[in-house]
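Opened a new page for this one.

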Amino acid sequence: MLEDKQILKRLQKGDKDALRLLYEKYADILVSVAVALVRDVQAAEDCLHDAFVDFATGVPTLRIHSNLRSYLISCVANRARDLLRKRARSANVDLEQIELAAKTDEPCSRLIGDEGARQVYDALGQLPYEQREVFILHVQADMTFQQIAEQVDASINTVQSRYRYGIEKLRSFLNTECENE
């Protein structure tokens, strides 16, 4: 991504417009990844903004080993994970209970137009966080399993297993829902 490298160089030289360009270029994919992970539009937007503030303040010492898009997705996914952990600690319940209780369809109903997409979205919300994270990063953010493994600090085999188990659970959830209709 030559364009990203040029924008990043402009940003490192103090060009404030460069940050706006990056935000405009990646905000949609970043917020959609965050929404899929935290299942709350406003919290997802907060994750995005926090990640960009951290990114902007760290630009002078920034060393990106992958492409900028993957780096920003990783930053937002980390923020989402931190938010879920913080919620779990403050409520003194474990992370899976929060994820299962976080069925806040109302804010997301504007984002999901048809019934099939809503069913998939609901099924994704039923996955354990680790499986949902791998699924979203692979399918929606278009990251490779190797990139995801580096992002979540797990082996590539673990990441592939989480993806496979997530797919199996999604099929099961969706088949059960179809049978109930």
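My entries on the chain and its aromatic pairs follow.

Ground rules: this is a predicted model, where local features need pLDDT of at least 70, side-chain atom pairs count only at pLDDT 80 or more, and totals for chains, interfaces and linings use all residues. Residues are numbered from 1 along each chain as its sequence is written, and side-chain values use heavy atoms, with hydrogens and water left out.

Fold: I found ten helices and zero strands (DSSP runs numbered from the N terminus; helices are H or I with at least four residues, strands E with at least two). Buried residues are 42% of the 181 in the chain (buried is under 20% relative accessible area, exposed over 50%, partly exposed in between; 1.4 Å probe, protein chains only).

Rings: I got five aromatic pairs (ring centres of Phe, Tyr or Trp, the latter by its six-membered ring, within 6.5 Å; planes under 30 degrees apart are stacked, over 60 edge-to-face, the rest tilted). Phe 135 and Tyr 163 are stacked, because their centres are 6.1 Å apart and their planes at 15 degrees. Phe 135 is in helix H8 (residues 129-140) and Tyr 163 in helix H10 (residues 156-180), so this pair ties together parts 28 residues apart in sequence. I checked burial too: Phe 135 and Tyr 163 are both buried.

Tyr 163 also pairs edge-to-face with Phe 145, at 5.2 Å centre to centre and 65 degrees between planes. Phe 145 sits in helix H9 (residues 145-152), so its pair with Tyr 163 in helix H10 links parts 18 residues apart in sequence. Phe 145 is buried, at 19% relative accessible area.

Elsewhere, I noted one aromatic cluster formed by Tyr 23, Phe 52, Phe 55 and Tyr 71.
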